[in-house]
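Hi everyone, thanks for making the time. Have a look at it first.

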Amino acid sequence: MALLFLSKHDDPTRWSAALHRHLPELDIRIWPETGDVGDIDSALVWNHPPGELNRYPNLRLILSLGAGVNHVLDDPDLPPGIPIARIVDPGLTGGMVEYAVWAAMRYHRNLDVYERFQREGTWKKLPMPDTARRGIGVLGIGEIGSACAQALSAFGFSVAGWSRTPRTLEGIVSYAGNESLKPFLARSEILICVLPLTTATRGIINAELLEALPKGAFVINIARGGHVVDADLLAALDSGHIAGATLDVFQPEPLPPEHPYWRHPKVTLTPHIASLTNPDTAVLPIAENLRRLSAGQPLLHLVDRESGY
Ligand code: NDP
């Protein structure tokens, strides 16, 4: 049986080498050179063409090339019943933590303001902010969000997390469910979104959510562009209710050249690089799942199609 590698964004040579280091016998077919479609029993995918995965009658496992699976579940013709696994990788998580800490620290220490001062040639000192009194809220405290929350907590910030079900994380105040969203937001001077993109979370960063944040709050989105209602965020930035936004992800990507985010003085943006899947580390959970698939053992990091993550 064979693994189908199906991504226009990732380097098949690098991935094949990484996979063969762990599974030397693995038969890898690089899409669209699939050979006999009946040979394919697993597929490693990123943004596959809709309906494509229906062409493989013996497909038994879909592996996402990222932590998110919205790109898989968005396919209206996804074959039913086949397990979908995502990447859980300390290397990927580490990159996200670095980015979240950088973006939050930049706002906390007024570095965005000092960047402006430098451009203006202004020598001016602002009061030193109190770390313990700075409320940071992390939307989504799963694999990545909980690591971000704990890294920020280690600096002494007052960190809370919001999830669907209550979570116990040392040093983190847990808020769970829709009814606790408003109190969670009320204490979040810096809001970091690390939610999966699902039907329940699409557009969650909208006018109502932004209004519930304290005046002068900052928004950091490192999850998916579809979480943000762009017009609502731009209005909140222009009214001054939101003081700044750091955005790594957009809808669509690449962000069109005419989009107002590019030139907005209160927006800092990066091209979906908060973290990148590194084949050398991310191959481990993939190889382990392929081994389990052939041994008939329980698979790891499976996604619940119903909840969308
Ligand atoms: P997990 O599945 O481990 O965690 C998801 C978290 O979100 C959980 O805490 C979950 O709650 C919570 N959640 C989901 N739905 C809801 C809801 N409706 N209401 C409240 N909370 C909810 O995901 P990861 O941490 O591994 O990844 C998160 C996302 O980060 C990915 O889906 C991906 O889109 C994004 N990402 C972005 C990258 C980038 O470079 N910008 C790189 C890697 C990932 P509960 O704990 O109760 O289940």
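Let's start at the ligand: 29 residues surround it, and the closest are Arg-86, Glu-143, Ile-144, Thr-165 and Tyr-309. A residue counts as near when one of its heavy atoms lies within 4 Å of the molecule. Before going on, this is a predicted model, where local features need pLDDT of at least 70 and side-chain atom pairs count only at pLDDT 80 or more, while totals for chains, interfaces and linings use all residues. Residues are numbered from 1 along each chain as its sequence is written, and side-chain values use heavy atoms, with hydrogens and water left out.

Now the polar contacts, meaning here pairs of N or O atoms within 3.5 Å. A polar backbone atom of Ile-144 is 2.8 Å from an oxygen atom of the ligand. Ser-275 also uses its backbone, with an N or O atom 3.0 Å from a ligand oxygen. Arg-167 brings in its side chain, and a polar atom there lies 3.4 Å from an oxygen atom of the ligand.

Next, the aromatic rings. How many aromatic pairs are there? The count comes to 5, taking rings of Phe, Tyr and Trp (its six-membered ring) with centres within 6.5 Å, and calling planes under 30 degrees apart stacked, over 60 edge-to-face and the rest tilted. One of them joins Tyr-99 and Trp-102, edge-to-face, at 5.2 Å centre to centre and 75 degrees between the planes. Both sit in helix α3 (residues 90-108), 3 residues apart, about one turn of the helix; helices are DSSP runs of H or I with at least four residues, strands are E runs of at least two, and both are numbered from the N terminus. Tyr-99 is buried, with a relative accessible area of 7%, whereas Trp-102 is partly exposed at 38%. For those words, buried is under 20% relative accessible area, exposed is over 50%, and partly exposed is in between, using a 1.4 Å probe and protein chains only.

Phe-250 and Tyr-261 form a tilted pair, 6.0 Å centre to centre with 55 degrees between the planes. Both residues lie in the loop between β11 (242-247) and β12 (267-269), so the pair ties together parts that are 11 residues apart in sequence. Phe-250 and Tyr-261 are both buried.

That's my tour, so please ask away!

How values were computed: A polar contact is a pair of N or O atoms within 3.5 Å; within protein, one must be able to donate a hydrogen and the other to accept it, and residues adjacent in sequence count only if both atoms are side-chain atoms.
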